[in-house]
Amino acid sequence: MRYLLIVLSFFSLCLFGEVTAQTENDYSHKEPSRDGIGKIYRGREIAQLMSFHGVAWLERDSREEEENTKLTISKLPINENSKVADVGAGSGFYTFRIADKVPKGKVYAVDIQKEALNYIKNKAEKQKVDNVIPVLGTEKSPNLPENTLDLVIMVDVYHELAFPKEMLLNIKKSLNPTGKLLLIEYRGEDPKVAIKPLHKMTVEQVKKELEANGFKLTTNGQFLNIQHFLLFEKED
């Protein structure tokens, strides 16, 4: 029996080591560029995380017009009962606008920066919004309930994920069978979009990464001023 346990333990260690190695092999590394972290995923250098110290930029008066936020919200596949997650919620700029559209539902405001969650919590209390739920995520998981959500949205966030493969896996688990994932990203194909290159993405690159992780593009919306509206469904 002792010999069997040793053999099984050795097998488990080997299997765990293989899985770990496979995950690590999904990424490569180089000298970081000015706005990147030096970590490469499927040919793309991951951008540096924007600190919550940039909250003033997130809440700038011109954002509504620049990003055509009202149009974005109107195009979301949600109803008054929907359960939505705003991953990388930041100041909650989109969180609270979505919350207005789902009065009988919930909006999980996910961020890995506690300052952001405190900001959202205080704003929800001040405005007496009771369907916004702050959630502390990690670099690898949004820490959301499984098989629950109708929509997960990331607004100018995906390109900063330090572990995109792991995050997509966990987001996929959180979606219900008909749940969708929406990425809003600045258009990398357009040099006139005055955003740092690593903080923009092309449709081709987004598709490459998400298709590799079990998602299929169902809507390629090009109706926003400077961003892509890319809606994905789970693909079994």
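Analyst: A polar contact is a pair of N or O atoms within 3.5 Å, where one atom must be able to donate a hydrogen and the other to accept it. The model discussed here is predicted.

User: What makes the pair of Glu67 and Tyr94 a polar contact?

Analyst: The side chains of Glu67 and Tyr94 are 3.3 Å apart at this contact. The limit is 3.5 Å, so the pair counts.

User: Why is Glu67 called buried?

Analyst: Its relative accessible area is 0%. Buried means under 20%, so Glu67 qualifies. Glu67 belongs to helix H3, residues 63-67. Beyond four places in sequence, Glu67 touches Arg60, Thr72, Tyr94, Asp156, Tyr186, Leu224, Asn225 and Gln227.

User: How do you know that the buried residues of H8 line one face of the helix?

Analyst: The buried residues of helix H8 (residues 203-211) are Val203, Gln205, Val206, Glu209 and Leu210. Viewed along the axis of H8, they fall within an arc of 165°, so they line one face. Their cover includes strands S2 (36-41), S3 (44-47), S8 (175-186), S9 (215-221) and S10 (227-234), as well as helix H7 (164-174).

User: Which residues have the most contacts inside the largest nonpolar core?

Analyst: They are Val152, Met154, Tyr158, Leu181 and Leu210, in a core of 28 residues. At least two residues of this core come from each of S4 (83-87), S5 (106-111), S7 (149-155), H7, S8, H8 and S10. Another core, of 24 residues, lies apart from it; Leu76, Val107, Ile120 and Leu151 are among its members.

User: What does Val152 contact beyond its neighbours within four places in sequence?

Analyst: Val152 is in contact with Ala85, Val87, Ile171, Ser174, Leu175, Lys180, Leu181 and Leu182.

User: What makes S2 and S3 a pair of strands?

Analyst: Three bridges join S2 and S3, in the antiparallel sense. Ile40 stands opposite Glu45 in S3.

User: Why are S1 and S3 said to stand at the edges of the sheet?

Analyst: The sheet is open and has three strands in the order S1-S2-S3, paired antiparallel. Strand S1 (27-29) and S3 each have a single partner strand, so one side of each lacks a neighbour in the sheet. On average, neighbouring strands of this sheet are turned by 40° against each other, direction ignored.

User: Which helix lies across S1, S2 and S3?

Analyst: Helix H7 does, running at about 155° to S1.

Definitions and conventions
Residues numbered from 1 in each chain as written. Predicted model: local features only at pLDDT ≥ 70, side-chain atom pairs only at ≥ 80, totals over all residues. Heavy atoms only, no water. Helix = DSSP H or I, 4+ residues; strand = E, 2+ residues; numbered from the N terminus. Buried < 20%, exposed > 50% of the residue type's maximum accessible area, 1.4 Å probe, protein only. Contact = heavy atoms within 4.5 Å. Arc of directions from axis to C-beta. Core = buried A, V, L, I, M, F, W, Y, C linked by side-chain atoms within 4.5 Å. Pairing = 2+ DSSP bridges. Axes fitted to C-alpha atoms, helices over the stretch in contact; angles between N-to-C directions.
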